[in-house]
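This briefing goes through the sheets and the nonpolar cores of one protein model. Please keep the sequence and the structure in view while reading.

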Amino acid sequence: VQLVESGGGLVQPGGSLRISCAASGFTFSRYAMSWYRQAPGKERELVAALTSTGDRTKYADSVKGRFTISRDNAKNMVYLQMNSLKPEDTAVYYCRGMLSVATMEVFGSWGQGTQVTVSS
């Protein structure tokens, strides 16, 4: 299992950013996918999750209505569109494969992540 995150950067409060995750080493279309983040001094937390077919999603309360998770099974890619960004969204963002959105059981290992910094 290999997951490579990209697309992070510096953005002003209220701005938007889309980050991507390229997956390989497993049958991508069979598994749910998720995004996590870890801010300095805080534990890693689930941001969003999406079923294998993309028909159901789960979001952290703090990002509902602002973030959208999506996937392209033909390209083995998962995305996180982040709008109305706030300074508290600053973190390293990671993607991860999931056995089930219901149980949130993940598999594989953490990638290098992509840094998102929201600051004026």
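Two strands pair if DSSP finds at least two bridges between them; the strands themselves are DSSP runs (E, at least two residues), numbered from the N terminus. This is a predicted model, in which local features need pLDDT of at least 70 and side-chain atom pairs count only at pLDDT 80 or more, while totals for chains, interfaces and linings use all residues. Residues are numbered from 1 along each chain as its sequence is written, and side-chain values use heavy atoms, with hydrogens and water left out.

**The open sheet**

- Strands of a sheet pair through backbone hydrogen bonds, either parallel or antiparallel.
- Four strands form an open sheet in the order β1-β3-β8-β7, and the pairing is antiparallel.
- β1 (2-6) and β7 have a single partner strand each and stand at the edges, so one side of each has no neighbour in the sheet.
- From one strand to the next, the twist averages 15° (axes are lines fitted to C-alpha atoms, and angles run from 0 to 180 degrees between N-to-C directions).
- β7 and β8 run antiparallel and are joined by 6 bridges.
- Thr 68 has Gln 81 in β8 as its bridge partner.

**β9 and its partners**

- Of the 10 residues in β9, 8 are buried (under 20% relative accessible area, with a 1.4 Å probe and protein chains only).
- β4 is joined to β9 by 7 bridges, and the two run antiparallel.
- Across from Trp 35 stands Cys 95 in β9.
- β9 and β11 also run antiparallel, with 3 bridges between them, and Tyr 93 stands opposite Thr 114 in β11.
- β10 (residues 105-107) pairs with β9 in the antiparallel sense over 3 bridges, and Gly 97 stands opposite Phe 107 in β10.
- The hairpin of β9 and β10 has 4 residues between the strands, and in this hairpin Met 104 takes a positive phi near 60°.

**The nonpolar cores**

- A nonpolar core is a set of buried Ala, Val, Leu, Ile, Met, Phe, Trp, Tyr and Cys residues joined through side-chain atoms within 4.5 Å.
- The largest nonpolar core has 29 residues, of which Trp 35, Leu 80, Met 82 and Tyr 93 touch the most other members.
- At least two residues of this core come from each of β3 (17-24), β4 (32-38), β5 (45-50), β7 (67-72), β8 (77-82), β9 (91-100) and β11 (114-118).
- β3 supplies the largest share of this core, 4 residues.
- A second, separate core has 6 residues, including Tyr 36, Ala 49, Met 98 and Val 101.

Conventions. Buried < 20%, exposed > 50% of the residue type's maximum accessible area, 1.4 Å probe, protein only.
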